[in-house]
Amino acid sequence: MPEGDAVVRTARRLDRVLQGRTLTATDFRVPRFAVADLSGGLVTGTHTRGKHLLTRIELPDRQWTLHTHLKMEGSWRDFAPGQRWSKPWHTARVVLTTAERVAVGFSLGVVELLPRDREESVTDHLGPDVLGDDWDAAEAVRRLSDLPADLDVRDALLEQRCLAGVGTMWAAEALFATRVHPRTPVGEVADLEAVVTKAQELMAKAVRRRPTTTYVYGRRGQPCPRCRTPIRTAKTGPLGKERPAYWCPVCQAEPRDS
Ligand SMILES: [Zn+2]
């Protein structure tokens with residue numbers, strides 16, 4: 001699943017293609033907005049909040065926000081007019097056409113058109129945005145501390161209402177960097193602020209630099225970069241929402257009673 005850094009890069013790509021341009025045609029391939037037509041709209045920019053993309057489109061009589069979320073499989077791509085799309089036609093959920101480019105959102109998990117003045121209703125439940133201007137590590141820690149103290153810290157880091165933008169990859173990397181086992185109860189982590197600060201640092205760096213390097217995520221059985229012990233993985237998390245965790249069994253000591 002794309003995490004906050006990938007979402008920011010997607011927004012920048014959409015800005016390169018759409019910002020300051022007028023839409024000559026729009027196609028929303030979701031039942032609720034199938035008849036919506038924002039052609040003639042001026043795209044003023046795409047903003048992010050955690051993993052949410054908010055594309056602002058101005059028409060003479062009304063200002064709109066197109067809210068999209070990549071969820072598991074989604075992506076935005078852009079093409080020259082008439083160019084063959086790199087993904088199947090039937091997976092397109094939104095098509096925004098300008099005179100120069102066609103931006104297509106494929107397999108998007110959320111597609112929603114909102115009046116601009118209701119834009120915040122989409123994101124006001126979120127915690128501080130790891131990559132936002134208003135990032136606030138202390139507030140993220142305060143929200144994490146409100147969770148049940150026995151919740152695994154890895155799962156706590158995925159709670160978007162505590163801090164927005166982190167997914168399984170950056171949770172794994174931040175916990176490795178701070179030597180915290182992913183199954184440590186969140187209430188027992190000695191320095192949660194160090195963990196969320198590390199997640200922020202790693203993700204801010206990942207926005208600037210490609211490709212992304214990971215030390216544990218996706219590296220099952222490969223040697224730990226610190227101690228050479230093979231990296232372990234397991235699916236952990238609440239029933240029905242299990243997601244892969246990766247850790248070094250030496251650098252990240254098991255919590256005492258597990
Ligand atoms: Zn190690």
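Me: Helices are DSSP runs of H or I, at least four residues, and strands are runs of E, at least two, numbered from the N terminus. How much of residues 215–253 is helix, and how much strand?

Reply: This stretch is 0% helix and 26% strand. Its end C-alpha atoms lie 17 Å apart. The UniProt annotation, from an unreviewed entry, labels residues 215–253 "domain: FPG-type"; such annotations may be inferred rather than shown by experiment. The whole chain has 5 helices and 10 strands.

Me: What kind of model do these values rest on?

Reply: This is a predicted model, where local features need pLDDT of at least 70, side-chain atom pairs count only at pLDDT 80 or more, and totals for chains, interfaces and linings use all residues. Residues are numbered from 1 along each chain, and side-chain values use heavy atoms, without hydrogens and water.

Me: Which residues are the protein donors of the zinc ion?

Reply: C224, C227, C248 and C251, each through SG, 2.2 to 2.4 Å from the zinc ion. The donor cut-off is 2.8 Å from the metal for N, O and S atoms (3.2 Å for Na, K and Ca). The spacing in sequence is C-x2-C-x20-C-x2-C. C227, in the loop between α5 (192–208) and β9 (232–236), and C248, in the segment after β10 (243–247), link distant parts of the chain, 21 residues apart.

Me: Why is the zinc arrangement called tetrahedral?

Reply: Four donors count as tetrahedral if all angles lie between 85 and 135 degrees. The 4 donor atoms here subtend 100 to 115°, so the arrangement is tetrahedral.

Me: Why is C248 classed as buried?

Reply: Buried means under 20% relative accessible area, exposed over 50%, partly exposed in between (1.4 Å probe, protein chains only). C248 has 0%, so C248 is buried. C227 has 28%, so C227 is partly exposed.

Me: What makes A99 exposed?

Reply: A99 has a relative accessible area of 61%, so A99 counts as exposed. A99 lies in the loop between β6 (92–97) and β7 (102–106). Leaving aside neighbours within four places in sequence, A99 is in contact (heavy atoms within 4.5 Å) with T24 and P81. A99 and T22 are 77 residues apart in sequence, yet 7.9 Å apart C-alpha to C-alpha.

Note on methods:
Four donors count as tetrahedral if all angles lie between 85 and 135 degrees; four count as square planar and six as octahedral if opposite donors are over 155 degrees apart and all others between 65 and 115; anything else is irregular.
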